[in-house]
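Please open the model in your viewer and keep the selection panel at hand. The stops below say what to select next and what can be found there.

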Amino acid sequence: MDETVDSSAPPEEQGVAPDDAQLVGRVVAGDEAAFEELFNRHRRRVALIAGRFFRRREQIEEIIQESFTKAYLALADFSNERETSFASWLARISFNTCYDELRRQKRRPEGSMSEVSEEESEWLKGRLRVEGAGEDIESAAVARDLAHKLLARLSPEDRLLLVMLDVEGMSVSEIAEINRWSVSKVKVRAHRARASLRKVLGRFL
Amino acid sequence: MVIKKRDGVSEERLDRLGRDLVRASAVNEAEAEAAASNGFLYARVRSRIEQREARESWLVTLKVAWRAVPAMALVAVLAVALFISASLGAGSSGVLTDESPLDIGADGVVFADARAMSSDDVLATILNEDEQEASR
């Protein structure tokens, strides 16, 4: 019985899906279908990253398109030896794209600096004054709207850092690697970001 | 550990609420999932890539043209300088000085004052000679 597998054959012929690095190699060699496969594998992750910063579906789609476009044009520079993985390389591109979009929005005077309503202000005061205030679905919806309004008052750098720390649960070294900052710079910026958020919340006391 | 208070609310409490709000703002899985499942998304990405590549090829052309500008300017300056010096040289050759014959060469000297004889001149010379002979 001859069941030996030819290890020199392409992964598909061996019944194994090619890994990201192999797909990248094929895209660089001109295989467009390989890029579509990469897109299908990673688009949900990119969409989730975009959803951390933007609420509207069109904005999220815009980030997905821009991130994959940037990734495609920079694929030749991507080296699997230097980067940890294609996924983390793409995540870095996605975070940078979100950051650029946040900066662009901040420059626009009609940006998302909506006023906090009376109801939201009362909710916030209640949460600040009463220890362990209950969370129901209604208050969660208020929290989401309010959170977006309050975070829009922070600088894009502060917002990026807070999301990476508190939502993505990244370590300081991971953030440093993604942003290409030093570890101490991340720590200083994180400290400033928390102080800025406290300042924003303090206005409602 | 000293905990600062702002209007009776500790910084720790503000930080905790801040963290909750940041997390609340990031809860957007449904929209993210809807955006990721858009069937036209890949086609749009491809179209954007093609646009970007076309734009980049234009940029490359512009860069090459931009690099050629100094060389083209130098050639233009040299051409203008050559033209000016040539026209100045032509202007000075019209003025006759003592050195002029040396400048313009032997042929110039020989033919400079030469006038071509017209048929009237020839006729007048013959008639003069005839009159002189007749008067003798």
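In what order do the elements of chain A run from the N terminus on? They run α-α-α-α-α-α-α-α-α, and the chain has nine helices and zero strands, where helices (H or I, at least four residues) and strands (E, at least two) are DSSP runs, numbered from the N terminus.

Before selecting anything, note that this is a predicted model, in which local features need pLDDT of at least 70 and side-chain atom pairs count only at pLDDT 80 or more, while totals for chains, interfaces and linings use all residues. Residues are numbered from 1 along each chain as its sequence is written, and chains are lettered from A and ligands numbered from 1 in the order in which they are written.

**Chain A as a whole**

The mean for chain A is 82, and 80% of its residues reach 70 or more. Over residues 1-5 of chain A the pLDDT is below 50, and this stretch has one contact in the model beyond near neighbours in sequence, a contact being two residues whose C-beta atoms, placed from the backbone, lie within 7 Å. Where pLDDT is low, the predicted coordinates should not be read in detail.

Of the 205 residues of chain A, 31% count as buried; a residue is buried if 20 or more other C-beta atoms lie within 10 Å of its own, exposed if 12 or fewer, and partly exposed in between, with C-beta atoms placed from the backbone.

**Helix 1 of chain A**

Select residues 20-28 of chain A, which form helix 1, and look for A:L23, A:V24 and A:V27, which are buried. These residues cover an arc of only 105° around the axis, which puts them on the same side of helix 1 of chain A; the arc is that of the directions from the helix axis to the C-beta atoms. Among what covers them are helix 2 and helix 4 (86-107) of chain A.

A:A193 counts as buried because it has 24 C-beta neighbours inside 10 Å. Leaving aside neighbours within four places in sequence, A:A193 is in contact with A:D158, A:L161 and A:L162.

**Where the chains meet**

Now show both chains: 33 residues of chain B are in contact with 39 residues of chain A. Which elements give two or more residues to the side of chain B that touches chain A? They are helix 1 (11-25), helix 2 (29-36) and helix 3 (41-92) of chain B, and the largest share, twelve residues, comes from helix 1 of chain B.

Select helix 2 of chain B, where B:E31, B:A32, B:A35 and B:A36 are buried. Seen down the axis, these buried residues fall within an arc of 130°, so they line one face of the helix. On the other side of helix 2 of chain B, B:E29 and B:A30 are exposed. What covers its buried residues includes helix 2 (32-53) and helix 3 (57-73) of chain A.

End at A:A147, which, leaving aside its neighbours within four places in sequence, is in contact with B:L21, B:V22, B:A24 and B:S25.

Technical notes. pLDDT is the predictor's confidence in each residue, from 0 to 100.
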